[in-house]
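Work through the exercises below with the sequence and the model side by side. Try each task before reading its solution.

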Amino acid sequence: MKVRILVRLKPGVLDPQGRAVHHALDELGFADIEDVRVGRMIELEVADGTTDETLAKMCEQLLANMVIEDYVIERAGEQG
């Protein structure tokens, strides 16, 4: 089964990459952008019986830095 893990910086954490993208979009003439936050998406192919608890452990132990990042788990067919 396909699983997507969306990892984003927590609100209030400085996002220099997001700022750089915001600045670049502004320079390209896209002045309507109010804010940009950059994250990452990790796609996993896991066994059908993989539990939400197991996926959460993967995120908390390796895939996300829990001090500054949040994560969302999306299973195939779900949107979050």
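**Exercise 1: the core**

Val 46 touches Met 1, Val 3 and Leu 55, leaving aside residues up to four places away in sequence; contact means heavy atoms within 4.5 Å. This is a predicted model, in which local features need pLDDT of at least 70 and side-chain atom pairs count only at pLDDT 80 or more, while totals for chains, interfaces and linings use all residues. Residues are numbered from 1 along each chain as its sequence is written, and side-chain values use heavy atoms, with hydrogens and water left out.

Task: Which residues make up the largest nonpolar core?

Solution. Step 1: use the definition, a set of buried Ala, Val, Leu, Ile, Met, Phe, Trp, Tyr and Cys residues joined through side-chain atoms within 4.5 Å. Buried means under 20% relative accessible area, exposed over 50%, and partly exposed in between (1.4 Å probe, protein chains only).

Step 2: list the members. The core has 11 residues: Val 3, Ile 5, Val 7, Ile 42, Val 46, Leu 55, Ala 56, Cys 59, Leu 63, Ala 64 and Tyr 71.

Step 3: assign them to elements. At least two residues each come from β1 (2-9) and α2 (52-63), and α2 gives the largest share, 4 residues. Helices (H or I, at least four residues) and strands (E, at least two) are DSSP runs, numbered from the N terminus.

Step 4: compare with the general pattern. In soluble globular proteins, nonpolar side chains tend to be buried together.

**Exercise 2: the salt bridges**

Task: How many salt bridges does a search of the whole structure find? Which parts does the pair of Glu 69 and Arg 40 tie together?

Solution. Step 1: apply the criterion, a side-chain nitrogen of Lys or Arg within 4 Å of a carboxyl oxygen of Asp or Glu. The search finds 4 salt bridges.

Step 2: take Glu 43 and Arg 4, whose closest N and O atoms are 3.0 Å apart. Glu 43 is in strand β2 and Arg 4 in strand β1, 39 residues apart.

Step 3: take Glu 69 and Arg 40, with an N to O distance of 2.8 Å. Because Glu 69 lies in strand β3 (residues 69-75) and Arg 40 in strand β2, this pair ties together parts 29 residues apart in sequence.

Step 4: check the accessibility of this pair. Glu 69 is buried, at 10% relative accessible area, whereas Arg 40 is partly exposed, at 37%.
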